[in-house]
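Let's walk through this structure together, one region at a time. Have the viewer open and follow along.

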Amino acid sequence: MSAATFPLDSSVTAPNGKAVVSVDHISKTYPVPFLRLKKAFKRKFKPPVEAVRDVSFEVREGEIFGLIGPNGAGKTTLTKIIATLIQPTAGQVTVKGFDSVQDDLDVRRHVGLAGAEERSFYWRLTAEQNLQFFARLHGLSGDEATTRISHLLRALQLEDSARKRFAELSTGNKQGLAIARALLANPPVLLLDEPTRSLDPLAATRMRATIKSLTQDAARRVTVFLTSHNLAEVEELCNRVAIISQGEIRALDAPRNLRATHSDNEKVSITFTVEDAMKVEAALRDAFSSHPFTLGRGEVSNTWTLAFSRKANDQTLDTVLRVLHNATSIVKSIESERATLLEVLEHYEQPDSQQKEKGE
Amino acid sequence: MNPLLFLRRIWAFVVRDWRLELSYRMQFFLRVLSILILVTTFFFVSRIFVGFADPRFTQWHDPLAAWLTGMAMLNYFMTGFSSLANAIRQEQVQGTLESVLMTPISVPTVIVASSAWDFVQATLFSSLYLVFGWLFFNVHYMGNFLLALAFLLLTTVVLSCLGILSASFAMVFKRGDPFGVFLGAGSALFSGVFFPTQLIRDYAGGAVASVSRVLPATYGLDGLRRVLIEGQGFAQVRQPLISLLIFLAVLLPLSLWVFSRAVRRAKREGSLIQY
């Protein structure tokens, strides 16, 4: 089965610089319910929870914007604030210029939310009946709803599941139906909360292809705001990623830049064959008096593996290749490995003092 | 708000609930059967009182007619003040409230529309009390049916205001519904569903009897019986009608204000979808 694509035939477009979602100094502190009463009766109470603290960023039209962070970092709170389900304590969120508190109905006309929560559907209704209900709430007439639903079911390859009860659908189809529901009113902004959670690898791949294709419709550019714990997925899909930790945005950039900013070192591993390995080692020691490297036998017979680290874009790799060339060795492969998003995430999860030490 | 769009959304909820109801067909037939059994039971109980009618209680000359109108009204009343809170609680428990609230629909519309099917059902089941009485037990109703309907609707709107207060409570406190408890039990006891309210004065004194005066259901039921059982016209039922209008004038703005505060609080606390 191939992945679903939106549009069915379209030219690929890149995000532009126009902000569609603007998050401006948003803070959210969950108040203690009935605080005055609890104080009056001298009852114990937990301190207020500061879920999001002075967060600002913009999501540009047509981009896939990722938000990553550990559990409890504030991802869901932020998504729900954008979706108007929670009011911020301070700051402002606008979607297409509409304020999430003052113009909440307008914001909801421009936003579709798809989460991994299976309970958000009516289990005893069919997939089609569920979509019909939500289409009518979006104000679609009967004919409009029918046309739109059949288009979405076709595009998401859910036609065979249309008349099945929601309870009978596979997890992948349930997730697909959540995306279909979020797209019912053709919203320009799509909020996806862990869209591939509990999907098998094949279904997850199809889902990622679907998400990617959503932003590539030249006629109707969908902007995607995505939260996920799957860092490989975020790296594959997102134009930009924000890292949130303890309610604060710690970093925001393209995944490649985030990795580079975190550490500009990369580990290089070169596999080669040569007549006289001792000669190569001696030449390398001459070339790098202080630069550590390891030279060992490769997994395949007659091959050698040279491993060293270098700063991105420095001259080390060029020098090494010259040495190998002069020693009449044949380079079989070169592999380089830079910091992963996981390492970046782990870095921002460390206490501030440790981060500073590492930075220094 | 566009009234057509509003009605379209209410219709969407009614269709949804009808489809859900269809998936539990047995429950519907059992409910119809239980009403028939109850009406039959009341018929036999009413036979005990043949020839013992107290001339003071003009609405109770045929106790079966009085009980059936009382039961039909009580069913409607209970729906009025419990279905709004139940609707929001059910969506919370099912986990569907968040997805409903992600559509461009206001919270008050969600609550009104979610309870629409309950009123459709209540109309059907309340009618069954009267129809079974007429069909199987020779109970006859007279008077202006439109006027009776006006009483029914007005009382339901007044009780729905209490239902909105109850829904506000459900939104903030999640569980426990003082309005449902006091008004549900209170209406059955004090508003004359099963016996004339004058008996409370005779046996418990004026202070206790005055409770029935502050219950809107008392006036609704009195008005309905005056029309359907005594055959009274508009001029004769002005007093209960005016009482209901006064309740409406006080309760409607109060309940809407309390409700808007509850929604704001729930959104601020982030507890709108919690239960």
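We can begin with a loop in chain A: Gln157(A) sits between helix H5 (142-155) and helix H6 (171-182) of chain A. Helices here are DSSP runs of H or I with at least four residues, strands are runs of E with at least two, and both are numbered from the N terminus. Before going further, note that this is a predicted model, in which local features need pLDDT of at least 70, side-chain atom pairs count only at pLDDT 80 or more, and totals for chains, interfaces and linings use all residues. Residues are numbered from 1 along each chain as its sequence is written, while chains are lettered from A and ligands numbered from 1 in the order in which they are written.

Most residues other than glycine have a negative phi. Gln157(A) counts as partly exposed because it has 18 C-beta neighbours inside 10 Å; the buried class starts at 20 or more other C-beta atoms within 10 Å, the exposed class covers 12 or fewer, partly exposed lies in between, and C-beta atoms are placed from the backbone.

Asp54(A) also has a positive phi, near 50°. This residue belongs to strand S2 (residues 49-60) of chain A, and with 13 other C-beta atoms within 10 Å it is partly exposed.

Now turn to a sheet in chain A. Four strands make up this open, antiparallel sheet, in the order S12-S13-S11-S14, where pairing requires that DSSP finds at least two bridges between two strands. Strands S12 (293-297) and S14 (330-337) of chain A each have a single partner strand, so one side of each is left without a neighbour in the sheet. Neighbouring strands are turned by 20° against each other on average, direction ignored.

Within this sheet, S11 (residues 265-273) and S13 (residues 303-311) of chain A pair in the antiparallel sense over nine bridges, and Ser269(A) stands opposite Ala307(A) in S13(A). Helix H11 (residues 316-326) of chain A packs on the sheet, touching S11, S13 and S14 of chain A. The direction of H11 makes about 155° with that of S13(A), using axes fitted to C-alpha atoms, for helices over the stretch in contact, with angles from 0 to 180 degrees between N-to-C directions.

Finally, look where the chains meet: 25 residues of chain B are in contact with 24 residues of chain A, contact being C-beta atoms, placed from the backbone, within 7 Å. On the chain B side, H1(B) gives the largest share, seven residues.

Methods:
Two residues are in contact if their C-beta atoms, placed from the backbone, lie within 7 Å.
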